Amino acid sequence: MKQKAERIFSSFVTTIVLLVIYATGLAIATFIEKYHGTAAAKNLVYYSPVFFLLQLGLVVNFIAILLKHQYHKKEDGGY
């Protein structure tokens with residue numbers, strides 16, 4: 001179960017799916033802001049718990065990918 005969760009959270013496919021959902025949310029917020037004002041967009045989208053969880057999911061996914069592929073380790077002979 002733990003390995004399955006790690007595989008899901010450290011997947012590039014998960015990154016793409018989360019980014020598509022995030023971009024869709026931003027597009028919807030843009031239209032809400034245009035037609036109903038900034039306060040409505042903030043209340044309905046930007047400050048919603050779902051949007052915060054989506055952002056947290058993106059951060060967790062990013063960190064999991066960094067750790068899985070060991071991008072944080074310095075290689076010899078590089079910059």
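**The nonpolar core and its setting**

Modeller: The chain has four helices and zero strands; helices (H or I, at least four residues) and strands (E, at least two) are DSSP runs, numbered from the N terminus. The radius of gyration is 17 Å, well over the 12 Å that the globule rule gives for 79 residues, so the chain is more spread out than a compact globule. That radius is taken over C-alpha atoms, and the rule is 2.2 Å times the number of residues to the power 0.38.

This is a predicted model: local features need pLDDT of at least 70, side-chain atom pairs count only at pLDDT 80 or more, and totals for chains, interfaces and linings use all residues. Residues are numbered from 1 along each chain as its sequence is written, and side-chain values use heavy atoms, with hydrogens and water left out.

Now the core. The largest nonpolar core has five residues: Ala-29, Ile-32, Ala-41, Val-45 and Phe-51. Helices α2 and α3 (38-46) each supply at least two residues of this core. A nonpolar core is a set of buried Ala, Val, Leu, Ile, Met, Phe, Trp, Tyr and Cys residues joined through side-chain atoms within 4.5 Å. Buried means under 20% relative accessible area, exposed over 50%, partly exposed in between (1.4 Å probe, protein chains only). Buried residues make up 23% of the 79 residues.

Start with Phe-51. Leaving aside neighbours within four places in sequence, Phe-51 is in contact with Tyr-22, Leu-26, Val-45 and Tyr-46. Contact means heavy atoms within 4.5 Å. Val-45 is itself a core member.

Next, Glu-33. This residue sits in helix α2 (residues 12-36). Glu-33 counts as partly exposed, at 31% relative accessibility. Not counting residues up to four places away in sequence, Glu-33 touches Thr-38, Ala-41 and Tyr-46. Ala-41 belongs to the core, and Tyr-46 also contacts Phe-51.

Finally, the surface. Phe-9, Leu-53, Leu-56 and Val-60 form a nonpolar patch there, with about 380 Å² of accessible area together. Patch residues have over 30% relative accessible area and no salt bridge; like charges are joined within 9 Å, nonpolar side chains (Val, Leu, Ile, Met, Phe, Trp, Tyr) within 5 Å. A salt bridge is a side-chain nitrogen of Lys or Arg within 4 Å of a carboxyl oxygen of Asp or Glu. Areas come from the Shrake-Rupley method with a 1.4 Å probe; for residues, only the protein chains shown count as cover. Helix α4 (residues 49-68) gives the largest share of the patch, three residues. Leu-53 lies in α4 and is exposed, at 58% relative accessible area.
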